[in-house]
Amino acid sequence: MSDDKKSGERRGLMGRLRNGLKRTRSGLTEGLANVFVGRKRLDDEMLEELETRLLSADMGIEAAQTVLDGLIEKLGRSELRDGSVVLEALQDEIAKVLKPVEQPLQIDLSRQPFVILTVGVNGAGKTTTIGKLASRYQQQGYSVMIAAGDTFRAAAVEQLKEWGEQINCPVVAQATGADSASVVYDAYEAARARGVDILIADTAGRLHTQGNLMEELRKIRRVLSRQDSSSPHETLLVLDGGNGQNALAQAEKFGEAVNVSGLAVTKLDGTARGGVLLALAQRLQVPVRYVGVGEGVDDLRTFNAKEFATALASE
Ligand SMILES: Nc1nc2c(ncn2[C@@H]2O[C@H](COP(=O)(O)OP(=O)(O)O)[C@@H](O)[C@H]2O)c(=O)[nH]1
Ligand SMILES: [Mg+2]
């Protein structure tokens with residue numbers, strides 16, 4: 001690919017992220033420049049205005065405080081020429097909070113297959129994220145297989161099969177009500193036999209009780225680890241970014257039950273609460289692998305702290 005085409009594509013993808021984060025961004029920065037007009041330094045009133053905005057983006061008190069402290073340290077004594085100085089500093093401070101969780105998922109090809117187990121509550125975006133991920137890995141040249149481990153709802157298997165057809169990716173499924181761990185086991189065997197690089201397993205987001213759900217997820221992990229003690233190689237928790245601070249509570253629950261190794265935060269396009277990533281970063285310190293900014297196959301981004309911060313806090 002030519003460099004021109006590459007940078008054009010990059011701009012397109014950045015645009016998608018920027019566009020996706022529109023609602024959070026406008027809450028954070030709309031009219032912010034006016035607040036700074038005629039002031040020479042960061043004063044209490046400005047800090048209060050900023051704090052309100054950070055909290056309405058659902059950053060949570062701790063992360064908002066960290067960002068404000070950073071701003072005070074950076075700008076406190078210097079003279080403010082204009083609002084853009086503040087915006088740039090805000091980007092830097094947001095990126096600083098997010099940087100530790102910028103740890104992209106590395107596919108280890110010595111594991112065959114490399115297994116990604118997705119978990120998360122109903123409606124979080126698991127199935128959609130699996131479709132997007134499978135397509136992305138295929139484009140990168142990996143062979144991919146999907147296991148329809150959400151056997152609780154009839155529609156779940158259908159939805160996954162539709163994705164499989166759309167992106168031309170094999171889906172291993174059984175009837176509704178089948179044992180989820182046995183579906184994943186079958187898929188594992190098939191992937192191994194066919195030399196598939198990556199197996200992505202879907203799971204239920206709700207069973208009769210939460211205890212049942214967590215037990216089922218643990219069982220799937222046990223079955224996988226009997227095949228390859230390092231499997232699953234990634235347990236990806238999918239969280240709906242629109243849930244704001246509730247996403248934190250979900251992450252804590254799943255984290256206690258299964259060993260979550262990475263996060264995908266979805267639906268950032270439909271919410272003004274995109275700041276929740278900072279709360280997640282600061283509280284949980286679990287790597288954020290991907291962010292979802294739409295329903296389409298290309299609306300998934302590898303998480304990058306600086307890029308995210310820039311898309312979040314700019315004009
Ligand atoms: N706008 C938007 N919608 C999404 C995104 N990810 C998933 N969805 C939608 O959210 C709904 C639930 O997603 P689904 O993948 O079925 O969730 P699951 O129950 O966790 O498997 C579907 O209508 C998806 O199209 C996203 O990043 N942005
Ligand atoms: Mg699903």
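Predicted model: local features only at pLDDT ≥ 70, side-chain atom pairs only at ≥ 80, totals over all residues.

Strand S7 spans residues 288-292, and S7 pairs with strand S6 in the parallel sense over three bridges. Strand S6 covers residues 262-266 and is mostly covered, with five of its five residues buried.

Take Thr266, which lies in strand S6. Its relative accessibility is 5%, so Thr266 counts as buried, because buried means under 20% relative accessible area. Leaving aside residues up to four places away in sequence, Thr266 touches Ala124, Gly125, Thr129, Val238, Leu239, Asp240, Gly241, Gly242 and Gly292.

Now for the neighbours in the sheet. Strands of a sheet pair through backbone hydrogen bonds, and they can do this parallel or antiparallel. Strand S5 (residues 234-240) runs parallel to S6, and five bridges join the two. Here you can find Leu239 standing opposite Val265 of S6. With S7, the pairing brings Ala264 together with its bridge partner Tyr290.

What connects these strands along the chain? S5, helix H11 (residues 245-257) and S6 make a right-handed β-α-β unit. Another right-handed β-α-β unit is made by S6, helix H12 (residues 276-284) and S7. H12 lies across S5, S6 and S7, and runs at about 165° to S6.

Let's step back to see the whole sheet. It is an open sheet of eight strands, in the order S3-S2-S4-S1-S5-S6-S7-S8, and its pairing is mixed. Strand S3 (171-172) and strand S8 (300-302) stand at the edges with a single partner strand each, so one side of each has no neighbour in the sheet. The partner on the S8 side is S7: three bridges join S7 to S8, and these two strands run antiparallel. Tyr290 turns up again here, standing opposite Thr302 in S8.

Most residues other than glycine have a negative phi, and most peptide bonds are trans. Gln285 has 58% relative accessibility, so it counts as exposed.

Asp58 also has a positive phi, of about 70°, although it is not a glycine. You will find Asp58 in the loop between helix H4 (44-56) and helix H5 (61-75). Buried or exposed, which is Asp58? With 13% relative accessibility, Asp58 counts as buried.

As for peptide bonds, the one from Ser231 to Pro232 is cis, with omega near 0°. Pro232 has its place in the loop between helix H10 (210-227) and S5, and S5 is one of the strands that pair with S6. The peptide bond from Gln112 to Pro113 is cis as well, again with omega near 0°. Pro113 is found in the loop between helix H6 (83-98) and strand S1 (114-119).

A search of the whole structure finds two aromatic pairs. In the pair of Tyr137 and Tyr142, the ring centres are 6.0 Å apart and the planes stand at 80°, so the pair is edge-to-face. Tyr137 is buried, with a relative accessible area of 2%.

The other stop is Lys22, in helix H2 (residues 22-29). Lys22 is partly exposed, with a relative accessible area of 47%. How far apart are the C-alpha atoms of Lys22 and Gln282? They are separated by 23 Å, and the two residues are 260 residues apart along the chain.

Methods: Residues numbered from 1 in each chain as written. Chains lettered and ligands numbered in written order. Heavy atoms only, no water. Buried < 20%, exposed > 50% of the residue type's maximum accessible area, 1.4 Å probe, protein only. Helix = DSSP H or I, 4+ residues; strand = E, 2+ residues; numbered from the N terminus. Pairing = 2+ DSSP bridges. Right-handed = clockwise from strand over helix to strand, strands pointing away. Phe/Tyr/Trp six-rings, centres within 6.5 Å; stacked < 30°, edge-to-face > 60°. Contact = heavy atoms within 4.5 Å. Axes fitted to C-alpha atoms, helices over the stretch in contact; angles between N-to-C directions.
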